[in-house]
Amino acid sequence: MRGFLFLLLGMLLFACSEESDSPVEEPSSPAVDATDTSPMDAPQDVSTGPASRCVDAVSWAPGTRIFEEATEAWGLHDLGVQGVLVHVTELDGDGWPDLIVHHEGGNDVFGDEPSRVTWVLRNQEGAGFEDRTESSGFRLRRLDEGLNKGRGGQMIASADVDNDGDLDIFTGGRFEEVTENSDSSELMLNDGSGNFSFGPTDSAARREGQRDFTNSLTFTDFDRDGFIDLWVVNNVPMAELWATDDQQDRLYQGMGDGRLVDVTVPMGLQTQLAYNFDILNAANGHSWGWAATACDLNDDGNPELLAASYGRTPNNLWLAANQPGGGLKYINWSIESGYAFDDNQEWWLDLNARCHCLENPGDDECEKTEPPTSALCNNWKAALGGYRWTHAYGREPFMTGGVSASTTCADINNDGHMDLLTGEIVHPDVGPAADQATLLVNNGDANVTFTRKDQNAIGLGRPFLGVGKDEGVMNNTVIDFDNDGWPDVYWSNSAYPVNEGLLYRQDAPLEFSQVSFEDGFRHFHSHGVQAVDLDRDGDLDLVVGALDAYCGPEWGGNPCWDPPTVRVYENIIGNQQNWIQLSLEGGPGTNRAAIGARVEVTAGGVTQTQEIDGGHGRYTTQADMTLHFGLGAACEAEVTIRWPNLSLTEQTFTVGAGYRYIVTENQDPAPVE
């Protein structure tokens, strides 16, 4: 086995330099019971609320500017807010969306000579941000050494873990060396005013005294018991890949008081060390996790769990399956769903394989390759110090997969099923077999399957960056920038030279066109992004991270940020069409933040479906829990909410356009002026 692992690790170091009708039933789990799906109450049908603020809709057309940069107006330059990842939260319950911005690692240092990696930003009712990072206690350490040093942990997600009406925050981190005074992953409890204190010490998710390789996390209520749970994916150093069970992704069940208990094994989520290629080809090995996601992919009320995986290793999708005797278990559905990797296994188009076969024409299947020129191969070998190729397993199916970053759940084509937007790194030499960032359209099957769309055929393809240029789509976000009721897409690209963020409008179902930089904005190295109505004017703005690397003439000419501040791009046209916003609060038996609630909004003959996000993506980002729906020309909308409780209670009502509504479970929606 050791020889196999060394062989595989060597290849991955090069590569990453950068059918059945129903799932097999597993024995029932006594830990949870999520099978009661009978309605607690008949769906309500209520027309309520004030008269609509309907506008005479003006549709957006190319040639009309959509965004204006408002970074300075929001005070981000003055505050020196620098980072790549953006997290939308609500610190103090005032109804204005707040932000947490952070880098990928490191510790904050406060005091006279600060060095910052995190910014906790309170929205001052649309008049700029206040930096609450130090005063909020968000980066408190259990062992204060008097160094003005903040606690590490850059993976961040918000939820009301103790159901007291405010958003708490879990900070997961990579704590690879355990010492007596080392920090750990922590739940930080909110007092309702944006001040934080430590959660319980006896929580398994802290991994106190253990090594921790948290790389992404998401809150979800997998058993729908009203207590929020936590899904964590891990990423170990390459030297330990498939050599330690610290790589195992983990599910923690919430007790409702801040404690989180490890239920990975009883819930069927255990994976294994990769002793052979068959384990990897079947996606049964530990993920090399880069991004966690949780959402309901087959509309049965139970969230599926996903782990996007780095380094050409398979992505994992875990299907939530009700058990005959009661309870719920997860089944590995990575291959069957089509999420693990795509069907293109044309390894012979990889330049590295072609060069290897040019030099070793007698090796197995080398007759499939088209020989390149010796000069090309010699130049490529000199540039890399060798080829990214090991013939013994480079032809295996898993090695034609992707270097997968963020996966976002969203109903892109408005058919009522949650689709997946995937992010991928693609190196220019590996050929078309490498998975590319694209849209996986949900086929609507009970046993989840996707159709992986050709990105160019549907208009979501990115321009060719040039010979030898890497593409790194690290994150993405869904934004209906013109409020026409159809989701649009922003690809948020990495620090690779000449990579930049790209905005696409959905002109017709699954027909996209790129928005020009003149109409949108140009942002190199965007990396992290979130769509949020910062100024509460009825349209979605974009907050985009800025990474100041691989820039300037020596890296292809894309400019360096000066200063490298996170940017705000204010939407100036979206509210020319109609909209509503919904802020949900769960009642008894439902997690208070309503994470996992499914909301359908019908207006103008179009039904949109959204779920409340508990965090997702590479190093974790999080969307606003206030859901935004564009209505186009429609003046009212019918809303149906399926609450994430054991009975999957439904609530239906009609509201007028132009308001944000607070919806408490089984109560009439309350408009916010």
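Reader: What should I know about numbering and confidence before I start?

Author: Residues are numbered from 1 along each chain as its sequence is written, and side-chain values use heavy atoms, with hydrogens and water left out. This is a predicted model, in which local features need pLDDT of at least 70 and side-chain atom pairs count only at pLDDT 80 or more, while totals for chains, interfaces and linings use all residues.

Reader: How is the protein chain divided into domains?

Author: Domain bounds come from an automatic or database domain assignment. Domain 1 covers 67–345 + 395–566 and domain 2 covers 578–671, and their centres, taken over C-alpha atoms, are separated by 21 Å.

Reader: What area is buried between domain 1 and domain 2?

Author: The size of an interface is often given as the accessible area lost when the parts come together. Here about 3900 Å² is buried, with carbon and sulfur atoms giving 48% of that area; the value is the accessible area (1.4 Å probe) that the two parts lose on being put together, summed over both. In terms of contact (heavy atoms within 4.5 Å), 65 residues of domain 1 meet 38 residues of domain 2.

Reader: How many salt bridges are there between domain 1 and domain 2?

Author: With a salt bridge taken as a side-chain nitrogen of Lys or Arg within 4 Å of a carboxyl oxygen of Asp or Glu, the count is four. The side chains of E104 and R618 also meet in a salt bridge, at 3.0 Å from N to O.

Reader: How should I read the disulfide of C54 and C635?

Author: A disulfide is a covalent bond between the sulfur atoms of two cysteines. The criterion is a pair of cysteine sulfur atoms within 2.5 Å, and the structure holds five disulfides. In the pair C54 and C635 the sulfur atoms are 1.9 Å apart, and the link is left-handed, with -65° about the S-S bond. The pair links distant parts of the chain, 581 residues apart.

Reader: Which peptide bond is cis, and which residue other than glycine has a positive phi?

Author: Most residues other than glycine have a negative phi, and most peptide bonds are trans. The bond from D562 to P563 is cis, with omega near -5°, and P563 lies in the loop between β29 (541–544) and β30 (567–571), where strands (E, at least two residues) are DSSP runs numbered from the N terminus. E125 has a positive phi near 50°, and E125 is found in the loop between β5 (118–123) and β6 (129–131).

Key:
Helices (H or I, at least four residues) and strands (E, at least two) are DSSP runs, numbered from the N terminus.
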